[in-house]
Amino acid sequence: SASSGRSGDPAGSATREAIENSRKALRLLQTEHPTFKPTLSIIQVGNDDLGQETIRKVAEEIGLNIVRICLPHDYTENEMVDEITKVNIDPNIHGILLRPMKESYPSKILNAVKPEKDVNGVTDFNLARLVHGDVRECLVPPIVSAVVKLLEKQVPTASNVTNESNCYLLLSSLYSLGWKKGVTAGSSRTFRSLFAVPPSTKRGFDYQLPVGNEPISKCALQSMITEHDEACKCGSGPLPLTTVCSAEGMVKAVCRYVPDADMVIMGSTKPKLIPAWMKPEITTLDCSHDVLWGHNGSGVQPASYSDQISDETVGELAVAMCMQLKGCSASPFVFFCSDIEISRGQSPKAIDVLAKEIGLLTDEIEIYGQTKAKVRLSLLERLKDQPDGNYVLVAGITPTPLGEGKSTVTIGLVQALTAHLKVNSFACLRQPSQGPTFGVKGGAAGGGYAQVIPMEEFNLHLTGDIHAITAANNLLAAAIDARILHENTQSDKALYNRLVPLVHGERKFSPIQIARMKRLGLTKTDPETLTADEVNQFVRLDIDVSTITWQRVVDTNDRFLRKITIGQASTEKGFSRQTKFDIAVASEIMAILALTSSLSDMRGRLGKIVVANDKKGQPVTAEDLGVTGALSVLMKDAIKPTLMQTLEGTPVFVHAGPFANVAHGNSSVLADKIALKLVGKEGFVVTEAGFGADIGMEKFFNIKCRASGLVPSVVVLVATVRALKMHGGGPSVTAGAPLKKEYTEENLKLVSDGCSNLRKQIEIAQLFGVPVVVALNVFRTDSPAEIDLVCEIAKQSGASDAVPSSHWSDGGRGAVELAEAVRRAAKQQNRFRFLYDLEVREIKPATM
């Protein structure tokens, strides 16, 4: 056994105690999560086996997996950082033990370890917390914890000291027992963190600052003591500690301090530094054999003393303490990186490589940087004879402020289909607005290990589509006010000369003006033949200011623009009015972009935008203002879908982003059509609808499918246990605030009551004749009974299948079962139908 030791050996009993505590904590976790098994990754330079047997045995006794990564000696710093980063973002690795196998290591490498996975306390982030006294928020290096534990075992009256953060009590107890002085000798960088402390914190201690100490040595047990300076007072003062770390003059220093010491903690690997003449009553801890860091001991032992604890036993205890499951009594010992860390931890394939993989030709893409590209619409003509793939819509139950994860399900599903089941698939997503991105809701790239990368590219400017919409929208808004100003201040003749100017002595109507003449019922094509009344009709729109519905937009949450006054400058000649700004994605131009099928179709739709009524009550359009061509030019690149990729390298189209509450809440028809051609007959295109199924899904069917002519194959209905609890009568929730216990503890009644919402959404989808698969987006607080209950109720309510999905934490692998259920559902008979037609029927009153 790794913890075997002599009978009564304090190190052996302490090691056994640490191992047993960890085993109990793990068994407790596994009662709720039977398949959970923590994994520790050991990253080292070279393949030296020093200490590996000890580490393996301790891990085996506790029940941990060990993954060993041996890097070549000639690896550069950047290459090592890259390797560490890969382990940081691996959800199956729960701790990282960095074993550099040498004394000094660059901070760049040490700090590459994610603090949450650092089991040896090597990062500056951890050490900074330690030196500032945040001992409950940091990790005391295991070798330090081992020394403290052993000193505790040596002093019976200090047995109440059970935490590293209370080590100052232990030291005070040592002083009260007559231990007047302590000496630490050694140069190990981790070992020096035991008693080293910056000069500014040396209050009341017999302390000698080590010569040439490194950054890690500036964080110390004494920094915890100084945090509680008053509590350290005991008898005539705290225990005087002398730290000797300098290689130069080490022997002289040892000879000077050791004779008067009551205890000696040795961290040196040099045998000549270990004196053979120490008095027998000195308590000695030999830490020269640092198993965790791969440092070998001296190989030569000093004379045996009754109170000496060997380097091997101290090393074993340090190993056991580094493997403790800290703070894991209620939840799995699983560390997750933030979304942005996961995104940046993955190197996306070059976008031209991805384009080639999915069958795009070189002249069919316009590359924007290394990770995104526009796809030209000419592709549709080339693939017009290619059969479409399966068309899958991801919708959700009525959403809560927390969000239910439709985007992550969409991405997790295509990752499962393509990366794991080897089926062609495409995700088609909306481009997020900067408003929610910089608000509480955040971005829309998905999350965890099911997201579009690079995340910041996706969530911010992308390829400028929203900026193009903003420019086009505000151009139209400016044209409205300019037209009103000109009509208010100029005669018919002056307006006519502006609208139809003489060019080389000749006037000509533009095509857009001829179209306006036809709408007015005027058939003349020669500008010189119009009568005064006809000129008046032509030049004056007579906009009723009170009916203007077209607002300016900005893609930012700016509440102070909700109501403004324009036209206050003297140049506006007294024409002012109240108006407001909307958010850019709420613009009708965004909805048009999402529904258009070609550039000419988009131009026609833009021209039909109604901006106001005239004083006779007739609609005034963008075509009447003569700006349709300008709007189309601004949108000429925005009409092309943007190609990106998921975390697992599967393709994604990002295009359009209308809100579901003010528009139809779906990505573009063009992106879907192109993707359906690219995946082929057996492939899958997965898109999502905003808000709940009773808004986004119905609009997808009634508006988008009607406009595109496409027929959906399957609806994936996303639900979460916590949302169902809220619908079942649970307390209100606020994004960002801690969840109440109803949402973190099992409550089958709330779940059952909330499933009424799920039943209704399934019923709505079935009315359209489309098979439904329920995807239960699983959270760590969901109990197995709650998950089983939701899936059972969903199936009883008519769903083809109901599947729990862990894509957020496991990526595509966690959504494989969902992907298989979707494939089965797509093979079922599809009876898709619209619930109403577009003909307005006269409703005759009932006769009595």
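Student: In this predicted model, what makes β1 and β3 a pair?

Tutor: Strands count as paired from at least two bridges. Strand β1 (residues 39-45) and β3 have five bridges, in the parallel sense. That meets the cut-off, so they pair. Within this pairing, I43 stands opposite L98 in β3.

Student: Why are β2 and β3 called edge strands?

Tutor: The open sheet has three strands in the order β2-β1-β3, paired in parallel. β2 (65-71) and β3 (95-99) each have a single partner strand, so one side of each lacks a neighbour in the sheet. Neighbouring strands are turned against each other by 20° on average, direction ignored.

Student: How do you know which way α3 runs relative to β1?

Tutor: Helix α3 (residues 77-88) lies across β1, β2 and β3, and runs at about 175° to β1. Angles over 145 degrees count as roughly antiparallel.

Student: Why is α29 called roughly parallel to α30?

Tutor: Helix α29 (residues 748-767) and helix α30 (residues 784-796) pack at an angle of about 30°, with axes 10 Å apart. The cut-off for roughly parallel is under 35 degrees, so the term applies to this pair. The crossing of α29 past α30 is right-handed.

Student: Which residues make that contact, and what is their class make-up?

Tutor: From α29 come L748, V751, S752, C755, L758, R759 and I762. α30 gives A785, E786, L789, V790, I793 and A794. By class, the contact has 10 nonpolar, one polar and two charged residues.

Key:
Residues are numbered from 1 along each chain as its sequence is written. This is a predicted model: local features need pLDDT of at least 70, side-chain atom pairs count only at pLDDT 80 or more; totals for chains, interfaces and linings use all residues. Side-chain values use heavy atoms; hydrogens and water are left out. Axes are lines fitted to C-alpha atoms, for helices over the stretch in contact, and angles run from 0 to 180 degrees between N-to-C directions. Helices (H or I, at least four residues) and strands (E, at least two) are DSSP runs, numbered from the N terminus. Angles under 35 degrees count as roughly parallel, over 145 as roughly antiparallel, 65 to 115 as roughly perpendicular and the rest as oblique. A crossing is left-handed if the near helix is turned anticlockwise from the far one by less than a right angle, and right-handed if clockwise. Contact means heavy atoms within 4.5 Å. Ala, Val, Leu, Ile, Met, Phe, Trp, Tyr, Cys and Pro count as nonpolar, Asp, Glu, Lys and Arg as charged, and the others, Gly among them, as polar.
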